[in-house]
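I opened the model to look up its chain contacts, its cores and its sheets. These are my notes, in the order in which I took them.

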Amino acid sequence: MSVRMEKVGDTSMQLPLVNMSPGALLARLALLLIVVLWTIPTFGLFISSFRDKDLLAVSGWWTALSVTERGEAARTGTDEDQVEENGAWFIRGEVFPAGEKEVQAFGIRSTEPETWAPGESADLGDGMTLTVQADGRYELRSPVEFDMNRGRRIYFRAAVPPKFTLSNYEEILDTEGVDQAFINTFTVTIPATIIPIAIAAFAAYAFSWTEFPGRQLLFAVVVGLLVVPLQMSLIPLLRMYNQVSHILPFFEAKSYPGIWLAHAGFGLPLAIFLLRNYIAGLPKEIIESARIDGASHFQTFTRLILPLSMPALASFAIFQFLWVWNDLLVALVFLSKDPDQIVMTSQLRELLGSRGDNWEILTSSAFVSILVPLIVFFALQRYFVRGLLAGSVKGG
Amino acid sequence: MERMLNAIVAIVFGVGLMLLYFYGSNWLLDRLLPDQGLVNGVFQSREKQRERIRPWLFVGPALVILGVYLVYPAVQTLFLSFFDSDGEAFVGLANYERALGDSRFVESIGNNILWLIFVPTFSVIFGLVIAVLADRVSWGNIAKSLIFMPMAISFVGASVIWKFVYAINPDIGLLNAIYTGGGNESIDVLQIPFWNSFFLMLILVWIQTGFAMVLLSAALRGVPEETLEAARIDGANEVQTFFRIMVPQIMGTIFVVWTTIVITVLKVFDIVLAMTNGNWNTQVMANLMFDQMFRAFDTGYASFLALVIMVAVVPIMVVNIRRMNREEAMR
């Protein structure tokens, strides 16, 4: 590749922190601003995914640590709940479980939810009074026996303390099939990474260190295939898969082997190109001495070339893994949307369409889907960068 | 648990079958053409014959897969672009003519051109600025990691992240929270004519800037210190040094970054599909092709659109591959 990636990750040139010029200070502030702007969207999603789903829709994630105020409504009990004490009748209860929120004001009309402060007695006429305490307990008092089969409406403004929860994650794993999609994605990704690498490594070795007629020409064709965008392949392959599945009863048009091979096909030109460059650059003496010692090409390859090529294999493996993991197009074409085949990206898109207003489902699903790439990213950053750069010319 | 087991069985099956081929075919070759031991007192090895066949066992699977998954479909797509929606009847240039009168096609071309101008430009500018700034501070590497992070996220994942920035509800969407904070009615930025495409482009810029930054940062470190020193001695200030000394020397890398992002842009599909699905005049070529393939089931027209993408991508790819080959040769 063009750029020596070894340099990435070196400690940067140190400038003395003392006596910072205004220009240097400005540069720092500018960088800080950019970094904050770049991080905010992801950070917002991360915070949102741990917020209570009722809070999510009524207050921004940036207020997650502050108390939220919102209007709510509840109904009192009916005449069946009343008790008589000292010649008056009472209906008692709570508008929400104690401790969850705090009532700041209440009223009896939806248009005037803040008529009385908590603890005040609201005069409802005919001697009837209503008191709502800050902790949510209410008391409806009447001098005569209640006769109502529906409870009275209480409107109130509540202060909701910050609340973080894992329930969004529990919900998607239990009911939205995200756990299955997660497993499916691995089922697609692991073979779709290993198969092209192995096939490409064998081919790269043959192109580098063996003699066979047409070697140069075939390699040129492989490199030429780098220019073919993935879109060029989809329609004929789709037709081909459908036709074959009609002829062969055991072959399904949408299947895991089908998508493994498709990903292998789309990844092969780049894999062969990169691995051949690496393997052809290995020292000639080592390979020749192995051959003179009587090792066949197969033995030379498995015992010598493979271990020596590990850095190149690892870089490409990371690239291909992330590419397949993050792919949506190939998955939409070669897999069905049934629960046993749908992958994370596809599932996420379905949720965006069908559950676009269920923000809590979106947040946690998105985070589950980007979790694996982020782990790979932070754990293997150096190799990741190398693989990504190597793979940046991928035709697909 | 059972699902996990199924997945593991499938993975082992797929990978195992491939390894079985390589080991099995080599084992078979050794069995079918064994050394014949001493014949008339001379050791007869058939290694030469075996080694004539073995390379084909190595490249065989690659050639078959490439043939089936790239060569054949590419040729087939070219043919299908002259056929009708079922891919059955030859219609000549009908799909090509249809495109000229298709407002969706014209809209896609227009949008793609906008994407091609703005996404690479802003990615490169941001990437360059960050690379320069980050090299001057002690926490530069952390800054770079955070800027680079979106590269790891899928386009769909990124779309969800930005859905939360663009949402109309000012209690969800950060942008509208700021906008309504100034006393305005909240708006759906994805429906603002013309400008909505730019809000989609911003997502791709957000992703690609990290890529540009990493390459440009590495290139900047390759700029010889003496040239910078000489400029400073001659009285050039920081800005002049940057534009007249540094930028010209990394022009090659800027070009690489530019072309690579151009190719990404030409094939961008997931972001548009997930955010607007091409509504409100945000359609782009790759999504239009997908739309024709899976919703209209128009094989001929979709093939034509794939061909348009291919024609746009090829010249840039050829330049990039030439350059890579040249650099390989120099190594």
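**Entry 1: conventions and confidence**

I am working with a predicted model, in which local features need pLDDT of at least 70 and side-chain atom pairs count only at pLDDT 80 or more, while totals for chains, interfaces and linings use all residues. Residues are numbered from 1 along each chain as its sequence is written, and chains are lettered from A and ligands numbered from 1 in the order in which they are written.

I checked pLDDT, the predictor's confidence in each residue, from 0 to 100. For chain A the average is 85, and 92% of the residues score at least 70. Residues 1–16 of chain A are below 50, and this stretch has 30 contacts in the model beyond near neighbours in sequence. I take contact to mean that the C-beta atoms of two residues, placed from the backbone, lie within 7 Å. Where pLDDT is low, the predicted coordinates should not be read in detail.

**Entry 2: chain A against chain B**

I looked up the contacts between the chains and found 100 residues of chain A touching 97 residues of chain B. Helix 4 of chain A (residues 178–209) supplies the largest share of chain A's side, 15 residues. I use DSSP runs for helices (H or I, at least four residues) and strands (E, at least two), numbered from the N terminus.

By residue type, chain A's side holds 69 nonpolar, 26 polar and five charged residues. Here Ala, Val, Leu, Ile, Met, Phe, Trp, Tyr, Cys and Pro count as nonpolar, Asp, Glu, Lys and Arg as charged, and the others, Gly among them, as polar.

**Entry 3: the cores**

I define a nonpolar core as a set of buried Ala, Val, Leu, Ile, Met, Phe, Trp, Tyr and Cys residues joined through C-beta atoms within 7 Å. Buried means 20 or more other C-beta atoms within 10 Å of the residue's own, exposed means 12 or fewer, and partly exposed is in between, with C-beta atoms placed from the backbone.

Which residues touch the most other members of the largest core? They are Ala200(A), Ala203(A), Leu275(A) and Ile309(B), in a core of 186 residues. Helix 4 of chain A gives the most to this core, 20 residues. Neighbours within four places in sequence aside, Ala203(A) is in contact with Ile272(A), Phe58(B), Val59(B) and Ala62(B). A second, separate core has 13 residues, among them Ile91(A), Leu130(A), Val132(A) and Tyr138(A).

**Entry 4: the five-stranded sheet**

I then traced an open sheet of chain A with five strands in the order 2-3-7-6-5 and antiparallel pairing. Strand 2 (83–85) and strand 5 (121–125) are at the edges with a single partner strand each, so one side of each has no neighbour in the sheet. Strands count as paired if DSSP finds at least two bridges between them. Neighbouring strands are turned by 30° against each other on average, direction ignored; the axes are lines fitted to C-alpha atoms, for helices over the stretch in contact, and angles run from 0 to 180 degrees between N-to-C directions.

Strands 2 and 3 of chain A form a hairpin with two residues between them, and Asn86(A) in the turn has a positive phi of about 50°. Six bridges join strand 3 of chain A to strand 7 (residues 137–142), where Glu94(A) has Arg137(A) as its bridge partner. Strand 5 of chain A pairs with strand 6 (residues 128–132) over four bridges, and Ala122(A) stands opposite Leu130(A).

I found another open sheet in chain A, antiparallel, with strand order 1-8-4. Strand 1 (68–75) and strand 4 (102–107) are its edge strands. Strand 8 of chain A (residues 153–160) has five bridges to strand 4, and eight bridges join strand 8 to strand 1. Ala74(A) has Ile154(A) as its bridge partner in strand 8 of chain A.

Thr76(A) and Ile91(A) are 15 residues apart in sequence and 7.6 Å apart in space, C-alpha to C-alpha.
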